[in-house]
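Please look at the sequence and the structure before reading on.

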Amino acid sequence: MSKAAASTNIESLLKETRVFKPAKEFAAEAHVRSMAQYKKLWTESVKNPDKFWKKQAEAELVWQKPFTRVLQWKEPFAKWFTGGRLNVSANCLDRWLDSGISNKAALIWEGEPATDGKPGEERVLTYKQLHREVSRFANVLKRNGIQKGDRIIIYLPMVPEAAIAMLACTRIGAVHSVVFGGFSAQSVADRIQDSGAKMVITADGGYRRGAVVPLKKNVDDALKLHDAAGQSLTKTIEKVIVLRRCANEVHMAEGRDVWWHRELDYVSDICAAEKMDSEAPLFILYTSGSTGKPKGILHTTAGYLLGTKLTSRYVFDLKLEDVYWCTADVGWVTGHSYIVYGPLANGATALMYEGAPNWPEPDRFWRIIQKYGVTILYTAPTAIRAFMKWGDEWPKKHDLSSLRLLGSVGEPINPEAWMWYHTVIGGGRCPIVDTWWQTETGSIMITPLPGATPTKPGTATLPFFGILPEVVDEQGKAVPKNSGGKLVVRKPWPSMLRGIWGDNERYKQTYWSEVKGSYFTGDGCRQDKDGYFWIVGRIDDVLNVAGHRIGTAEVESALVSHPNVAEAAVVGRPDELKGQALVCFVTLKTGVKATPELKNELRNHIGKEIGPVAKPDEVRFAEALPKTRSGKIMRRLLKQIASGLEVKGDTTTLEDLSVIAKLASGEE
Ligand code: PRX
């Protein structure tokens with residue numbers, strides 16, 4: 001996409017008129033088979049949500065004690081299925097033990113290929129085996145002092161043990177917080193401090209493109225970090241469990257660190273599933289917001305499980321015989337909901353891949369699809385655009401005829417990428433489900449149902465059952481069709497976040513104060529004449545870089561923590577591959593020389609403070625930043641400069657016009 005094309009993206013979406021109806025053969029076998037059926041079910045679900053959700057929760061979940069009430073809603077705090085008790089790991093594992101699928105693959109894992117070209121390892125865990133491993137590891141957690149309600153940080157590579165650790169936590173009622181392996185020691189420490197975690201589960205290392213990521217070393221570094229007042233950030237940590245993955249050398253602290261494999265020798269493989277309250281905290285997942293501090297999004301037991309289970313089945317049209325592959329990392333919400341909880345709650349077979357899409361060659365995904373006969377592929381637009389760039393010859397080398405459904409998530413998918421996915425990967429026969437949702441929503445909210453919804457490239461189409469989204473103006477009033485506005489959700493839903501860990505005020509402020517009585521998503525959107533939702537992107541200070549949410553304020557605070565930096569402003573510019581790229585404008589302290597080395601140092605500094613995912617694409621030095629007379633940085637102008645566009649719009653509040661001229665000319 002050229003810069004000019006990117007800037008008119010919204011218009012080009014408006015012109016998109018191609019419609020793809022579900023194929024008759026697909027619809028005939030699907031869980032929902034027509035628009036009439038979808039509309040009837042959806043209308044019932046939003047007209048009488050109590051009745052709808054009661055029926056679903058009773059039918060879908062295994063309860064140790066039945067619930068007495070469907071919803072207690074005291075805006076903005078929801079309690080779903082109160083009075084009930086259940087266990088997530090029992091719903092994902094135990095329930096299948098006496099069924100015909102106990103010996104079916106629950107997880108198929110493909111390791112990263114070795115540097116010498118040898119294929120990656122391969123492991124299959126049946127439901128029975130996964131149940132045993134989870135029970136054993138749950139006993140290891142107990143043996144190491146973990147009790148109901150304790151928080152545990154999971155910092156692991158993409159190996160089956162990541163899923164085992166998560167499920168083991170749920171089995172005994174511990175609350176997990178998975179930290180993506182690409183985050184730094186500082187990020188790990190911040191999350192430990194905020195969640196008050198008692199334990200970290202990590203590995204000696206993880207493989208990434210042939211190199212070893214030193215996860216245990218990062219944890220060691222995290223456990224040494226202090227705040228400005230000299231207080232340890234991680235004093236709540238009592239134990240570290242270390243999985244041996246890469247056999248790289250690590251330091252084991254006596255009394256604190258234990259090996260996963262050694263601990264297993266001491267435990268039995270029987271562990272009763274704790275009876276958890278419907279509203280017991282299930283996990284905390286940190287995500288970026290518009291301030292410098294990541295938010296600990298809290299999800300609870302019953303509602304989350306119901307949301308992920310139902311959406312997995314209906315959106316992916318999941319059947320027992322499918323080989324379903326979601327390519328996300330378990331460190332993101334997509335990995336939580338659509339590798340682990342949703343698929344396993346349905347008795348599905350989920351594939352998990354450890355490595356990168358282009359390692360050792362750009363055909364890795366297509367090779368895996370052929371090898372395992374993958375039937376459903378769920379990936380991100382940024383990956384699709386990268387595959388497009390690498391060329392059709394890579395997918396063409398492999399037999400992709402097993403695929404029957406494709407999914408997309410994480411950012412708006414541009415129609416060009418949609419069409420390529422449809423033709424080159426889907427062979428023109430696979431429906432595409434473009435699924436809109438968020439860490440906060442827990443499960444998919446706006447999506448086609450593949451046997452029912454006619455799709456159009458670039459839109460996530462219509463709401464899932466029980467979900468009532470709307471596009472509204474500044475006053476919170478619904479806007480007419482085809483006008484842009486803010487995307488809100490009008491009614492609570494079971495898998496919604498229950499809050500921000502330890503910060504009710506921020507929860508209210510962020511999500512429930514922008515539009516009265518509704519959940520504010522932070523996304524801009526418009527509805528077309530058919531009521532389809534077209535997401536335009538974030539309207540707050542959050543960027544979506546390669547499908548990862550990055551708060552500009554977070555990167556700014558990392559930059560100003562560098563001794564040479566006086567001030568920084570971070571904005572996004574459209575990027576062909578990543579959707580958005582991070583551009584940092586930096587004013588240095590007096591006397592500091594602006595050198596290319598320093599630019600590099602600042603990029604690495606951000607990598608150290610937040611993690612490699614947040615490393616900016618460009619660092620630009622600026623003598624001064626454009627500011628309003630009241631001292632606010634004018635990011636709108638910086639965005640235009642970063643995109644190479646002419647600076648337009650109102651600059652009357654700008655304090656010093658010459659700043660803009662200098663920035664635009666690239667003078668440093
Ligand atoms: O801006 C939307 C975008 O990703 C944001 C949520 O990011 P995160 O919490 O990291 O979760 C990503 C995976 C669910 C949203 O606010 N987004 C996600 N899916 C789509 C999307 N934008 C357009 N279309 C989508 N299908």
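Q: In which loop does P76 lie?
A: In this model, which is predicted, P76 lies in the loop between β1 (69-74) and β2 (77-82).

Q: What makes the peptide bond that joins E75 and P76 a cis bond?
A: The bond between E75 and P76 has an omega of about 0 degrees, and it is described as cis.

Q: What is omega for the cis peptide bond from W359 to P360, and where is P360 found?
A: For the bond from W359 to P360 omega is near -5 degrees, while P360 itself is found in the loop between β17 (349-353) and α14 (364-372).

Q: Why is T461 called buried?
A: The relative accessibility of T461 is 0%, and buried means under 20%, so T461 counts as buried. This residue has its place in the loop between β20 (432-435) and β21 (469-472), and T461 has a positive phi of about 65 degrees although it is not a glycine.

Q: Why is N482 called partly exposed?
A: Buried would require a value under 20% and exposed a value over 50%, with partly exposed in between; N482 has a relative accessibility of 41%, and therefore counts as partly exposed.

Q: What is the phi of N482, and in which loop is N482 found?
A: Although N482 is not a glycine, its phi is positive, at about 70 degrees, and the residue is found in the loop between β21 and β22 (484-489).

Technical notes
Residues are numbered from 1 along each chain as its sequence is written. This is a predicted model: local features need pLDDT of at least 70, side-chain atom pairs count only at pLDDT 80 or more; totals for chains, interfaces and linings use all residues. Side-chain values use heavy atoms; hydrogens and water are left out. Helices (H or I, at least four residues) and strands (E, at least two) are DSSP runs, numbered from the N terminus. Buried means under 20% relative accessible area, exposed over 50%, partly exposed in between (1.4 Å probe, protein chains only).
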